[in-house]
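Please take a look at the fold below.

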Amino acid sequence: MELYINNTLPIDISNYEIVFNKLALKTLKHLKLSDNIICSVTFVDIPTIHEINKNYRNVDRPTDVISFAFLDDKNEIIKGDIPLDIGELYICYDVANKNRLKYNNSIEREISFLFVHGLLHLLGYDHMEKEDEEVMFKLQDEILEGEDLWIKKN
């Protein structure tokens, strides 16, 4: 598993590298996929995520996470030994911070949720249809379940 974390913000996000690696490995194991993947995560501010959302999704507002998958669907994931770059995630820390207050989560829990949500998108899951949403959201819950030791509620 190769995970590249980029930070464009004036905050310390170094603790997320360990958390993201744990969550990524847990996700891949849960889905019975090879851990021989490459993924990048970039923390951005509200104007940047707003611009990305507007330019690439035609949605003129900021959002919390955007995924750019390099594969068309989950059936393309190679289950072998060849490293596979599955895509890029952009996480907006400030929107996540607003969400944590809304959902009564810690910032660590909210960022972890966004990472898993985005990672599942990179692995070919979506929530456009009700039945797909149920599958994806159930996976999110299963992956985040039991991670209470390092994701604490306020």
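Predicted model: local features only at pLDDT ≥ 70, side-chain atom pairs only at ≥ 80, totals over all residues.

Seven of the nine residues of β4 are buried, so β4 is largely enclosed by the rest of the structure. Buried means under 20% relative accessible area, with exposed over 50% and partly exposed in between, using a 1.4 Å probe and protein chains only.

Residues are numbered from 1 along each chain as its sequence is written, and side-chain values use heavy atoms, with hydrogens and water left out.

**The chain as a whole**

The chain has five helices and four strands. From the N terminus on, these elements follow the order β-α-β-α-β-β-α-α-α. Of the 154 residues in the chain, 43% are buried. Contact means heavy atoms within 4.5 Å. Take the contacts between residues at least 6 apart in sequence: 66% of them join residues at least 24 apart.

**The sheet**

In what order do the four strands stand in the open sheet? The order is β1-β2-β4-β3, and the pairing is mixed. β1 (2–7) and β3 (65–69) stand at the edges with a single partner strand each, so one side of each has no neighbour in the sheet. From one strand to the next, the twist averages 15°. Two strands pair if DSSP finds at least two bridges between them. Strands of a sheet pair through backbone hydrogen bonds, either parallel or antiparallel.

β4 (residues 84–92) pairs with β2 (residues 37–44) in the parallel sense, over eight bridges. β3 and β4 run antiparallel and are joined by five bridges. Here are some residues with their partners in β4.

| Residue | Partner in β4 |
|---|---|
| Val44 | Cys92 |
| Ile66 | Tyr90 |

Ile66 has its place in strand β3. Is Ile66 buried or exposed? Its relative accessibility is 3%, so Ile66 counts as buried. Leaving aside neighbours within four places in sequence, Ile66 is in contact with Ile49, Ile52, Asn53, Glu88, Leu89 and Tyr90. Val41 lies 25 residues from Ile66 along the chain, and their C-alpha atoms are separated by 10.0 Å.

**The helices**

Helix α1 (residues 15–30) lies across β1, β2 and β4, and runs at about 145° to β1. Helix α3 (residues 93–103) also packs on the sheet, touching β2 and β4. The direction of α3 makes about 65° with that of β4. Axes are lines fitted to C-alpha atoms, for helices over the stretch in contact, and angles run from 0 to 180 degrees between N-to-C directions.

α1 also packs with helix α5 (residues 130–144), at an angle of about 125° and with the axes 10 Å apart. α1 and α5 are therefore oblique to each other. Angles under 35 degrees count as roughly parallel, over 145 as roughly antiparallel, 65 to 115 as roughly perpendicular and the rest as oblique.

Which residues make this contact? From α1 come Leu23, Lys26, Thr27 and His30; from α5 come Leu139, Glu142, Ile143 and Leu144. By class, the contact of α1 with α5 has four nonpolar, two polar and two charged residues. Ala, Val, Leu, Ile, Met, Phe, Trp, Tyr, Cys and Pro count as nonpolar, Asp, Glu, Lys and Arg as charged, and the others, Gly among them, as polar.

Definitions and conventions
Helix = DSSP H or I, 4+ residues; strand = E, 2+ residues; numbered from the N terminus.
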